[in-house]
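Please look over the sequence and the model before reading the points that follow. Each point takes up one part of the structure.

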Amino acid sequence: MPSVYENIRTNQRKTIFLISTFFCFIVLLGWFLAQVFGNSQILYFAIFFALFQSFLSYWYSDKIPVFLVGAKELSKKDNPRIYRLVENLAISAGIQTPKIFIAPERQPNAFAAGRDEKHSVIVLNQGLIDLLDEKEIEGVIAHEISHIKNRDVLIASVAVVLVSFVAILSNFVLRLSFFGGTRRDSRERENPLGLILFFIVIVLAPLIAQLIQFAISRKREFLADSSAVLLTRYSQGLISALEKISQNRIPLKNQNPALASLYICNPFKEKNWFFNLFSTHPPIEKRIEELKKVSF
Amino acid sequence: MMILWFLIFLIGATIYFYNKLVSLKNQALEAFSDVDVQLKRRYNLIPNLVETVKAYASHEKEVFEKVTEARSRAMSAQGFKEREEAENFLSQSLKSIFALAENYPQLRASENFQKLQDELTDTEDKIQAARRFYNSCVRDLNIAIESFPTNIFAKIFNFQKMELFSISPQERESPKLNF
């Protein structure tokens, strides 16, 4: 399938674009703040920070999402059924068996992360194993394995770190303005900084979201769905899995918008502008419709 | 001048298509050796299985002989088609061992037997999975060899189409026991 190899190259290009755009942005931000406050150390800090977080987002692209959801690694002894499903589908796809993690979430959902085939993880929520049957779980795992094979995971994992950064920054701004209001003596010094950062976040969040929307194309979900069917030769498994996952109303315990685009189905069911900003999922009905067309 | 450009173009195209064919062919060969790994795993499990079953059902000689023979036939088979047939025959004869176990509750209850049965079913699945990956690699190679303009270079450098495993849809379902 030449389209898969093209997809890999496009993904690699986009990842480089995403990381370097973000890098430049932080350095520019540092330069701007250094000019405003007349303190060049801010610029050095920004450069250091940008380097650090680019490195982090690439090198720990498998570990950070696993850490964020608090998932535990699954060994063959714990659940040989799931372990073998993953092993066999990895053989069918011709990739190394990825590590398997179980997240203590009751919502049925799953995602894959990592920088390449050798450093990939599949994270399954406990709810997925409890609520879905064998064929459905097989469909979901095949979908995630296809993401790994198409190298969709790197760019999505990098995006997680970048969005987390925005979330941390906005949190920081909120706290800063809170403390700035209570301490009278330092009000004059901190207020302008808080105000500037506040505006930056207001501008930054939609901008980053736009960037990620661009980088993570909606097509990749369709491609992973159809590749999954190619692996399992059984489209009904994935179709009924998607139906079950989308009809389920159990919310995530750990609501982290940064992870939204990783999951097989959008984990946030409620309408929330901040969460929807980062949503890159095509509607589930459309995906099921496409899956029903697949023939082999 | 035109001729020079044409020559450069031709050499470039030759290198590109030759390398493409080489990498496709090697992918397919690698996938084939992945199938081999799983088949070897099965060969290694069979003597253990036969010994375990013998301990409980020593008089069912026919079945043991059939399996042992099928195993050695599969191991020594030459050529793609002959080998595939021998492997499928081995799968069938293994099914007859498990069918036999139905008549021996003690054997079925034995932990060792359960473990072996589990391992063999898993290996069966893995053989199928590895064959599927091999088929997808060979399909890519065969498409390249047949389609224009790669077919010209395939002919010049003598790239041959490779054979596909036949994976029947029934094999996806759990093995049915029949006599």
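**Notes on the predicted model**

1. In strand S4 of chain A, A:Ile122 is the bridge partner of A:Ile100. Helices (H or I, at least four residues) and strands (E, at least two) are DSSP runs, numbered from the N terminus, and two strands pair if DSSP finds at least two bridges between them.

2. This is a predicted model, in which local features need pLDDT of at least 70 and side-chain atom pairs count only at pLDDT 80 or more, while totals for chains, interfaces and linings use all residues. Residues are numbered from 1 along each chain as its sequence is written, and chains are lettered from A and ligands numbered from 1 in the order in which they are written.

3. The model scores ipTM 0.74 and pTM 0.79. For chain B the mean pLDDT (the predictor's confidence in each residue, from 0 to 100) is 85, and 93% of the residues of chain B reach 70 or more. In residues 169-179 of chain B, however, pLDDT stays under 50. For this stretch the model has 8 contacts beyond four places in sequence; two residues are in contact if their C-beta atoms, placed from the backbone, lie within 7 Å.

4. Chain A has 12 helices and 4 strands. Of its 296 residues, 41% are buried. A residue is buried if 20 or more other C-beta atoms lie within 10 Å of its own, exposed if 12 or fewer, and partly exposed in between, with C-beta atoms placed from the backbone. Among the contacts in chain A with a separation of 6 or more, 70% are between residues 24 or more positions apart.

5. In what order do the 4 strands of the open sheet of chain A stand? The order is S1-S2-S4-S3, with mixed pairing. S1 and S3 of chain A are the edge strands, each pairing on one side only. Helix H6 (residues 134-149) of chain A packs on the sheet and touches S3 and S4 of chain A. The direction of H6 makes about 20 degrees with that of S3(A); axes are lines fitted to C-alpha atoms, for helices over the stretch in contact, and angles run from 0 to 180 degrees between N-to-C directions.

6. Strands of a sheet pair through backbone hydrogen bonds, either parallel or antiparallel. Strand S1 (residues 72-73) of chain A pairs with S2(A) in the antiparallel sense over 2 bridges. Here A:Glu73 has A:Phe101 as its bridge partner in S2(A), and A:Lys72 stands opposite A:Ile102. S2(A) and strand S4 (residues 120-125) of chain A run parallel and are joined by 5 bridges; A:Ala103 has A:Asn125 as its bridge partner in S4(A).

7. Strand S3 (residues 110-114) of chain A pairs with S4(A) in the antiparallel sense over 5 bridges. The bridge partner of A:Ala110 in S4(A) is A:Leu124. S3(A) and S4(A) form a hairpin, with 5 residues between them.

8. Why is S4(A) described as largely enclosed by the rest of the structure? The reason is that 6 of the 6 residues of S4(A) are buried. Both faces are covered, with A:Ser120, A:Ile122 and A:Leu124 buried on one side and A:Val121, A:Val123 and A:Asn125 buried on the other. Strand S2 (residues 99-103) of chain A is also largely enclosed by the rest of the structure, because 4 of its 5 residues are buried.

9. Helix H9 (residues 219-232) and helix H10 (residues 235-247) of chain A pack at an angle of about 135 degrees, with their axes 8 Å apart. H9(A) is therefore oblique to H10(A): angles under 35 degrees count as roughly parallel, over 145 as roughly antiparallel, 65 to 115 as roughly perpendicular and the rest as oblique. A:Asp225, A:Ala228, A:Val229 and A:Thr232 of H9(A) make the contact with A:Ser235, A:Gly237 and A:Leu238 of H10(A).

10. In chain B, the axes of helix H1 (residues 2-56) and helix H2 (residues 61-76) come within 11 Å and cross at roughly 170 degrees, so H1(B) and H2(B) are roughly antiparallel to each other. B:Tyr43, B:Ile46, B:Val50 and B:Lys54 in H1(B) meet B:Phe64, B:Val67, B:Thr68, B:Arg71 and B:Met75 in H2(B).

11. Between the chains, 9 residues of chain A are in contact with 10 residues of chain B.
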